[in-house]
Amino acid sequence: MSEHKIETVRVHLVTVPTRTVHSHGSGDVGAIRSVLLELVTDTGLTGWGEASPWPVFTGTVEANAAAMHGYFAPYLRGRDPVQVEVLMNAVEKILVGHHEAKAALECALLDLTGQICGLSIAELVGGRHREAIPLSFSVANPDFGKDLEDIAAMWADGVRLFKLKTGFAGHSFDLMRLEKLRAVYGDEIDLRIDYNQGLPAFDAIRHVRDLEPFRPTFVEQPVKRHEREALAAITRSVDVPIMADESVFDPKEALLGAQMRLSDVFSLKIMKSAGIRRALEVAAIARAAGIEVYGGCMFETSIAHAAGAQLMAAVPDLRLGCEFYMSTYYAADDIAQDPFPVKGGLVHVPKGPGLGVRPDAEKLARYRSDLLI
Ligand SMILES: [Mg+2]
């Protein structure tokens, strides 16, 4: 029991402009729409968290803002923020789904607890296995010429991991881009592929086999979320490692994925799992089954990126890096007080206490957004 009580709950909708549109097998994105949750204690501490829904993947900002306002806030007022697991279990009983809002709440509670204890979130949930994580950028511009310019600039910054978003403009466009990147950057570039569910299951294996000569490190979510038998069949049929993203949200789906050997890798995302500790449960199931994990994200500001970096610092084994690039290379601006710590192609895990990244009040006001309803 701590001496701190949650007194005020504030919900901030933000829309942060992006430098360009990114295309995926499941649609286009041209702005980062998030819900920031601010918890203030009676002792004057402030904890922050972010819900970053993607409507075609997880949910909407409207539903998650309503969850925070209507369901979390009445329960949270007067509660002790350090009872993180107790509060999160209670919230799971109050409201089904809304994983992104729950991720924001858990993050804000851990941010407060970290400030109270003088520890970073990574230390609170197990420790800092690493201080820096290799950064992957997603190549998703329908104008590939613009992507080549961006890749050259990031290459100069030290970025070596690039994930091609495929399945939105045809197989030959995907093969052409892979061929070009291998020709320009040789073996030094670490190429990955993400279909975002964009391949029809009936001939997905043939498409994936065509990619193998370009030696991708992995191929992510070729088929639809619910087509798990097809995904497991692809995993069995090709040599390139297959990653499950949309098909594995939380520990229950991770257990199913491990039992049916759905894939060789799981993408961890706090927006899918409903928080850092549930993502660590997914990582524990993966580890027990010999399945690799990867640091994934949604369309986020640096508040959620910082939570993801704290998570990935606490994961014991991490060989494939993370993709917390949005605030550095995709957003036209960020809402944080300081730039998200990316340097030399690495995400540097924010130092404690707590989350280690905070919104700037002026930017929060500038990018404030209204509900669509
Ligand atoms: Mg993905």
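The protein has 14 helices and 13 strands, where helices (H or I, at least four residues) and strands (E, at least two) are DSSP runs numbered from the N terminus. This is a predicted model, in which local features need pLDDT of at least 70, side-chain atom pairs count only at pLDDT 80 or more, and totals for chains, interfaces and linings use all residues. Residue numbers start from 1 along each chain, following the sequence as written.

**Overall size**

- For 373 residues, a compact globule would have a radius of gyration near 21 Å, and the protein agrees with that at 20 Å. The radius is taken over C-alpha atoms, and the globule rule is 2.2 Å times the number of residues to the power 0.38.
- Along the principal axes, the C-alpha atoms fill a box of roughly 60 × 40 × 40 Å.

- Contact involves 40 residues of domain 1 and 44 residues of domain 2, with two residues in contact if their C-beta atoms, placed from the backbone, lie within 7 Å.
- On the domain 1 side, the elements giving two or more residues are strands S1 (6-24), S2 (27-41) and S3 (46-51), plus helices H3 (99-117) and H14 (361-366).
- H3 gives the most to that side of domain 1, with 10 residues.
- By class, the side of domain 1 that touches domain 2 has 18 nonpolar, 15 polar and 7 charged residues. Here Ala, Val, Leu, Ile, Met, Phe, Trp, Tyr, Cys and Pro count as nonpolar, Asp, Glu, Lys and Arg as charged, and the others, Gly among them, as polar.

**H3 and its helix partners**

- H2 (residues 84-94) packs on H3 at about 160°, with the axes 10 Å apart. Axes are lines fitted to C-alpha atoms, for helices over the stretch in contact, and angles run from 0 to 180 degrees between N-to-C directions.
- That angle makes H2 roughly antiparallel to H3; the cut-offs are under 35 degrees for roughly parallel, over 145 for roughly antiparallel, 65 to 115 for roughly perpendicular, and oblique for the rest.
- H2 brings Val84, Leu87, Met88 and Val91 to the contact, while H3 brings Lys102, Leu105, Glu106, Leu109, Leu110 and Thr113.
- Sorted by class, the H2 and H3 contact residues come to 7 nonpolar, 1 polar and 2 charged.
- H1 (residues 61-76) also packs on H3, at an angle of about 60° with axes 8 Å apart, and that makes H1 oblique to H3.
- From H1, Asn64, Ala67, Met68 and Phe72 meet Glu100, Ala101 and Leu105 of H3, a contact with 5 nonpolar, 1 polar and 1 charged residues.

**H9 against H11**

- The axes of H9 (residues 251-259) and H11 (residues 276-288) come within 9 Å and cross at roughly 10°, so H9 and H11 are roughly parallel to each other.
- Pro251, Ala254, Leu255 and Ala258 of H9 make the contact with Arg278, Glu281, Val282, Ile285 and Ala286 of H11.
- The H9 and H11 contact has 7 nonpolar, no polar and 2 charged residues.

- Glycine 352 and proline 353 are joined by a cis peptide bond, with omega about 5°. Proline 353 sits in the loop between S13 (346-348) and H14.
- Histidine 98 has phi near 55°, a positive value in a residue other than glycine. The loop between H2 and H3 is where histidine 98 lies.
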